[in-house]
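Visitor: Please show me the chain, and then tell me how its terms are applied.

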Amino acid sequence: NWTNNDNWLSDKPLNEWYGLTLTEDGYVKSIDLADNNLTGEFNLNALKKLQSINISNNALESINITTHTINSIELINCIVDYGSTSIYGPKLVTIKDNSEIGSLNIECETLIVDNCNFGETSTPFSSVNATSVLITNSTMYNCGLNNDYLTFENSKTTNTWYCNTNIQAKLINSYCSVICSWDFSESATIIVSNTTLFQPEWNENKTGKYSFTTNSDGWAKMFE
């Protein structure tokens with residue numbers, strides 16, 4: 001079903017396989033299969049010298065990538081049917097313009113999620129191990145995060161919110177409904193602007209640094 005799968009799984013040299021670029025010593029250096037009508041599962045690991053991968057604008061139900069040689073991976077408009085996404089190794093993972101995302105299993109330094117919609121039964125961030133998480137322009141049913149730095153901007157949760165923040169969190173122009181629970185370290189900085197929470201619950205520690213605007217409903221009473 002690929003638009004172009006020239007020479008894949010053939011006896012041809014790898015440098016003649018569509019979308020592959022090799023290093024001088026014959027290892028796969030880059031994979032570019034964007035806009036290629038890919039469907040089903042995409043599994044990739046054990047490529048020793050891979051430097052880049054592009055699978056944007058496809059329709060994949062499952063993505064599994066393990067690599068410690070790529071600094072960043074972008075998944076743009078390539079996930080359908082609320083499929084699972086597993087990525088281990090890169091420093092930066094960007095997930096953008098995906099309207100049907102399921103669970104995320106990601107290990108990286110920084111995770112960026114922009115303009116995405118997660119399924120109603122999904123707990124998308126429960127298996128995310130990232131120092132910094134930036135979520136913008138996205139909608140999800142449940143949100144649970146445990147990380148040092150969090151930005152949640154122009155986004156919405158419709159069921160539950162649970163976060164454990166160690167250093168800094170920013171909630172800006174967002175909406176978090178129904179059940180909201182937040183733990184944070186005593187040195188954490190919490191910044192909230194134009195954000196509504198319902199039924200918020202906090203841990204006993206209130207010695208951090210807080211800044212929230214008067215039009216952020218559901219916050220101030222927690223610090224009386």
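Guide: Leaving out residues up to four places away in sequence, Phe 118 touches Tyr 82, Ile 101, Gly 102, Leu 104, Val 113, Pro 124, Phe 125, Thr 139 and Met 140; contact means heavy atoms within 4.5 Å. This is a predicted model, where local features need pLDDT of at least 70 and side-chain atom pairs count only at pLDDT 80 or more, while totals for chains, interfaces and linings use all residues. Residues are numbered from 1 along each chain as its sequence is written, and side-chain values use heavy atoms, with hydrogens and water left out.

Visitor: Why does Phe 118 count as buried?

Guide: Buried means under 20% relative accessible area, with exposed over 50% and partly exposed in between (1.4 Å probe, protein chains only). Phe 118 has 4% relative accessibility, so Phe 118 counts as buried. In the chain of 224 residues, 42% are buried.

Visitor: Where does Phe 118 lie?

Guide: Phe 118 is in the loop between strand 9 (101-114) and strand 10 (127-136); strands are DSSP runs (E, at least two residues), numbered from the N terminus. The C-alpha atoms of Phe 118 and Thr 139 are separated by 6.3 Å, and these residues are 21 apart along the chain.

Visitor: By class, what makes up the lining of the largest pocket?

Guide: The lining has 13 nonpolar, 4 polar and 1 charged residues. Ala, Val, Leu, Ile, Met, Phe, Trp, Tyr, Cys and Pro count as nonpolar, Asp, Glu, Lys and Arg as charged, and the others, Gly among them, as polar.

Methods: Helices (H or I, at least four residues) and strands (E, at least two) are DSSP runs, numbered from the N terminus.
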